[in-house]
Amino acid sequence: MRANILISACLLGQPVRYDGRGKLLSHPALGRWQGEGRLVSFCPELAGGMAVPRPPAEIEAGGAGEDVLAGRARVLEVTGGDVTGAFLAGAEKALSFAREKECAYALLIDGSPSCGSLAIYDGSFSGVKHAGQGVTAALLMRAGIAVFSDREIEALAALT
């Protein structure tokens with residue numbers, strides 16, 4: 001049996017992003033994986049209790065997901081609200097769900113403070129990104145799940 005793939009719900013067009021939109025990813029591999037019943041859709045921010053729409057959030061002071069997991073950084077909304085707890089809860093639920101659904105891989109939207117795996121915003125809310133992972137991506141990686149960004153779908157397709 002082939003391993004399942006946890007996928008950011010927004011990449012399937014579901015309107016779960018902070019701005020109430022989806023970010024549909026179009027690639028032939030997605031159709032194949034859907035046909036095989038291997039895609040497992042999930043939004044860690046919604047699972048953590050956040051609403052749609054919601055204020056944009058970033059990991060403070062150039063931190064990354066590992067910093068949040070270790071308690072060295074917080075996830076803050078542009079309004080100043082601390083949503084670290086929601087991001088941690090969503091990451092834990094994503095990991096639990098991925099394990100339950102036997103996901104060996106995750107295909108996540110890059111740039112997100114939850115799902116980013118190559119780059120995330122730097123906490124200044126100025127549109128500047130830096131290398132790093134979001135909270136969910138970092139937790140999944142720590143647990144041994146291979147995480148790919150939406151920009152790395154070709155690499156994931158080559159493995160599956």
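**Salt bridges, stop by stop**

Counting side-chain nitrogens of Lys or Arg within 4 Å of a carboxyl oxygen of Asp or Glu gives 9 salt bridges. The model is a predicted one. Side chains of opposite charge can pair when their charged atoms come close.

Start by selecting Glu60 and Arg74. Their side chains form a salt bridge, with 3.0 Å from N to O. Glu60 sits in the loop between β3 (57–59) and α3 (65–69), and Arg74 in the loop between α3 and β4 (75–77), so this pair ties together parts 14 residues apart in sequence. Arg74 is partly exposed, with a relative accessible area of 38%.

Next, select Asp67 and Arg72. The closest N and O atoms of this salt bridge are 2.9 Å apart. Arg72 is exposed, at 58% relative accessibility, while Asp67 is partly exposed, at 22%.

Now move to Asp110 and Arg151. Their side chains meet in a salt bridge of 2.4 Å, N to O. Which parts of the chain does this pair tie together? Asp110 belongs to the loop between β5 (103–108) and β6 (119–121), and Arg151 to the loop between β8 (146–149) and α6 (153–159), so the parts joined are 41 residues apart in sequence. Are the two partners buried or exposed? Asp110 is buried, because its relative accessibility of 11% is under the 20% limit. Arg151, at 58%, counts as exposed.

For the last stop, select Arg2, Glu36 and Arg38. Salt bridges link these residues in a network.

Key:
Residues numbered from 1 in each chain as written. Predicted model: local features only at pLDDT ≥ 70, side-chain atom pairs only at ≥ 80, totals over all residues. Heavy atoms only, no water. Helix = DSSP H or I, 4+ residues; strand = E, 2+ residues; numbered from the N terminus. Buried < 20%, exposed > 50% of the residue type's maximum accessible area, 1.4 Å probe, protein only.
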